[in-house]
Amino acid sequence: MKKFRKKLVAGNWKMNKTVADAQKLADGIKDALADCREVDVVLCPPFTALKAVGEVIDATSIKLGAQNMHWEASGAYTGEISGSMLRDLYCHYVILGHSERRSYFGETNDVVNRKVKAALGAKLIPIVCVGETLQERDAGRMQEVVESQLVHSLADLGERLGEIIVAYEPVWAIGTGRTASPEQAQDMHAFIREAVGKLGGVETASKMRLLYGGSMKPDNAVALLAQPDIDGGLIGGAALETRAFVEIVRAAIPKREPGLPAGTVE
Ligand code: PGA
C-alpha cells in the first residue's frame, strides 16, 4: 500500500523579530506562498508577534504555530502561556520539547509529555522535537536516546498519537551549519517510524509526518526532502529570511510520479 504524507515546512523564528520585523517577514512569505497548496507551511514567531503574524496570513493556507506552551489551562504560573491562549490567537500548531527548551530550561520528557497532552486537549497539533547530542552520537547511543525521548514524551496518548508530528533535530546540527547527511537523517527517520510503530501500531507510524531540523538550507533541502521518511522540515536560521524559507518550501513540493498522486511513497 502506498502512503501519502503531505510535506510540512515550519519556520521556527526562536527569540527573533520585533512585531514590525515579523510582519515584514510574514508579508514576504505570504506574497510568495499564499497559493501554495502542495506543502503545509507553518510560521512560528515569538509569542509577542503571534497576533500580528496571524493577521498577515489570515485567509491564506499558511498556518500559525507557537514555540512552547504550559501544560495547565490557566492559573498562577507567572510568565507562562496556555494552549487555550494560543488557540485564542488562531494558532494551529505548537513546537514542544525543542532541544533549546530541554537544555536551557530543564524540560524533561515528562514535562514534554504533559505539554503534549495539554496541546491536544486545546486542539493544537504538537510538533514534538527529539534528537541526540554529538557526544551521544559519537558514543553510538543516538537510537537509544531518541527512542527514550519518543517513548516518554509520547507516553499514554492512545489514539491521539496519530495527531502528533515529530521533528528529528540532532542537537549537533542546530544552528551550527553542520547538517546531518541525507543518509544519516533518513536512517534516523526510518528508526523513528519503527519506534512509533512499536508505540502505536504500524498504520499510525506510516501516516505520521516526520520533519528534519538542523541547518536545513535551500542548498541541502532538496536532498534531505527527497528521502522517503523525511516529510518536511523545521527551519531555524533560514526561516528568518524570506527568500531562503520560500526556497525550502518550494524544494518540498512533490515531483509527480506518472500515474500516482504527488508525494506518494512506498
Ligand atoms: P537551524 O534551527 O535551522 O537554525 O539549525 C532548527 C531548529 O532549531 O528548529
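In this predicted model, the side chain of Asn 68 makes a polar contact with the side chain of Lys 115, at 2.8 Å. Asn 68 sits in the loop between β4 and α3. Its relative accessibility is 9%, so Asn 68 counts as buried, the limit being under 20%. Beyond its neighbours within four places in sequence, Asn 68 is in contact with Phe 47, Leu 86, Val 94, Ile 95, Leu 96, Arg 101, Glu 107 and Lys 115.

Helix α2 spans residues 50–57 and is mostly covered. Six of its eight residues are buried. These are Leu 50, Ala 52, Val 53, Gly 54, Val 56 and Ile 57. The buried residues of α2 pack against both helices and strands. The helices are α1 (19–33) and α3 (83–88). The strands are β3 (40–44), β4 (63–66) and β5 (91–96). Just after α2 comes Ala 59, with a positive phi of about 70°.

Strand β9 covers residues 232–235. Gly 232 and Leu 234 point one way from the strand, while Gly 233 and Ile 235 point the other way. All four residues named here are buried. Strand β9 pairs with β2 (residues 8–12) in the parallel sense, over four bridges. Within that pairing, Val 9 has Gly 233 of β9 as its bridge partner. Strand β9 also pairs with β8 (residues 210–213), again in the parallel sense, over two bridges. Here Gly 213 stands opposite Leu 234.

The ligand is surrounded by 13 residues. The closest are Lys 14, His 98, Glu 169, Gly 175 and Ser 215. By class, the shell divides into four nonpolar, seven polar and two charged residues. A backbone N or O atom of Gly 175 lies 2.7 Å from an oxygen atom of the ligand. For Ser 215, a polar backbone atom is 2.7 Å from a ligand oxygen atom. For Gly 237, a polar backbone atom is 2.8 Å from an oxygen atom of the ligand. Taken alone, the ligand exposes 280 Å², and the protein buries 97% of that area.

How values were computed:
Residues numbered from 1 in each chain as written. Predicted model: local features only at pLDDT ≥ 70, side-chain atom pairs only at ≥ 80, totals over all residues. Heavy atoms only, no water. Buried < 20%, exposed > 50% of the residue type's maximum accessible area, 1.4 Å probe, protein only. Contact = heavy atoms within 4.5 Å. Near = heavy atom within 4 Å. Polar contact = N/O pair within 3.5 Å; in protein donor to acceptor, adjacent residues only side chain to side chain. Areas by Shrake-Rupley, 256 points an atom, 1.4 Å probe, with all protein chains shown as cover. Nonpolar A, V, L, I, M, F, W, Y, C, P; charged D, E, K, R; others polar. Pairing = 2+ DSSP bridges.
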